[in-house]
Amino acid sequence: MNLLDEIAGAKTIGIAGHERPDGDCIGSCMACALYIEKAFPDVRADVFAQELPGSLLKNIPASEKIRYNGATDIEHYDCFIVLDTGAGRLAEAEKHFESALKTINIDHHVSNPGAGDVNCIDPEASSTCEVLYRTMDPSLIDEKIARCLYIGIVTDTGVFRYNTTSAATMELAGKLMGYCKDFPDIVKEVFYAKTPVQQKVMGYVLYNSVLSLEGRLITGMITYDELQRLHAGINDIEGISSQLMLTEGTEAAVFIHGSQNGEFRVSMRSAGRVDCAAITGKLGGGGHAGAAGMTFTGDPLDMIKTIEQMVKDQLDAV
Ligand code: AMP
Ligand code: MN
Ligand code: MN
């Protein structure tokens, strides 16, 4: 796909990623907006998102342009671009996607069948930022666009650690680093750094984590009440499932947290033998083989039992 060909003629473009934006989501959205406005200065490209973690708000260029709560004066966008998800997870931007004249979907989730009139989805790609880059004219990339793409790649690969990191990912990251001389600070701030509250939540979950299936599954949980007691918000739980997954001997990690509306969210990780998306996909969620998620209402202990059985079935079948 050539992005500029696909949006040719559009004067208003809406852009959104998934709820609870991560680095790849907001990195790809903002890179897309900056790129379009650079190529076509008379086109308006609006980025919609939910509240960002502080580290992303600080490091994503032009983050002051982000529109919250779906706020806009445009009724029907000429074109709407959905990044790092399909439909159904766009929060307040969903209505703008539905009313747009043309829709484009760029993503790397294996669970996404394609939500746009035009789709560019590569489940093998490290990140949506990597897929988006392939749709761009490299000569238009500047420092701001490079920074957005680099942040998305760094965060979605766990700093080039996950098996979705390919030689092409590294080559692209190398090119982008040429624009981002402060890349060590970017990596530290958008991936490793934690606020004191985030460290406390992490510590709480790790301390109370439980091993099952002879140590092959690790489960961590925190209720909404407990999150409140620690003064933690929705953006203070990133990275916990990945940290659980670092426990020696484990094949899969499950992290469950409560939320304000009484729902629970599951974040799942695999060391390679367990297909997380196959499990969350059957339970109403999605994601990738190595990292997936879902939400549910009901008893979290029942859900843990259900997931445990599905993990066991997968491991027994290998
Ligand atoms: P998380 O555990 O929240 O970091 O999510 C892991 C991966 O699964 C990310 O790529 C998410 O975008 C994806 N994911 C999480 N929840 C869902 C869902 N309900 N539907 C589809 N994909 C999801
Ligand atoms: Mn994402
Ligand atoms: Mn992604």
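**View 1. The largest cavity of the predicted model has a volume of about 70 Å³.** Its lining holds 14 residues, and those closest to the cavity centre are Phe48, Ala49, Gln50, Leu90 and Ala91. By class, the lining of the largest cavity splits into 6 nonpolar, 5 polar and 3 charged residues. In total, the model has 2 cavities of 30 Å³ or more.

**View 2. The second largest cavity contains about 50 Å³ of space.** Its lining consists of Arg20, Pro21, Asp22, Pro53, Ile234, Asn235 and Glu238. Of these residues, 3 are nonpolar, 1 is polar and 3 are charged. Domain 1 (3–192) and domain 2 (196–317) each give at least three residues to this lining.

**View 3. Ligand 1 is surrounded by 14 residues.** The closest are His109, Ser267, Arg269, Gly286 and His288. The shell comprises 3 nonpolar, 7 polar and 4 charged residues. At least three shell residues come from each of domain 1 (3–192) and domain 2 (196–317).

View 4. On its own, ligand 1 has 480 Å² of accessible area, and the protein covers 85% of that.

**View 5. Strands β9 (264–270), β10 (286–287) and β11 (291–296) each give two or more residues to the shell around ligand 1.** The most come from β11, with 4 residues.

Technical notes
Residues are numbered from 1 along each chain as its sequence is written. Chains are lettered from A and ligands numbered from 1 in the order in which they are written. This is a predicted model: local features need pLDDT of at least 70, side-chain atom pairs count only at pLDDT 80 or more; totals for chains, interfaces and linings use all residues. Side-chain values use heavy atoms; hydrogens and water are left out. A residue is near a molecule or strand if one of its heavy atoms lies within 4 Å of it. Accessible areas come from the Shrake-Rupley method with a 1.4 Å probe; for residues, only the protein chains shown count as cover. Ala, Val, Leu, Ile, Met, Phe, Trp, Tyr, Cys and Pro count as nonpolar, Asp, Glu, Lys and Arg as charged, and the others, Gly among them, as polar. Domain bounds come from an automatic or database domain assignment. On a 1 Å grid over the protein atoms alone, a cavity is a set of points where a 1.4 Å probe fits but cannot get out, and a pocket is an open set with protein on both sides within 12 Å along at least five of seven lines; lining residues have an atom within 4 Å of a point. Grid points are joined across faces, edges and corners, and a volume is the space filled by probe spheres set on the points.
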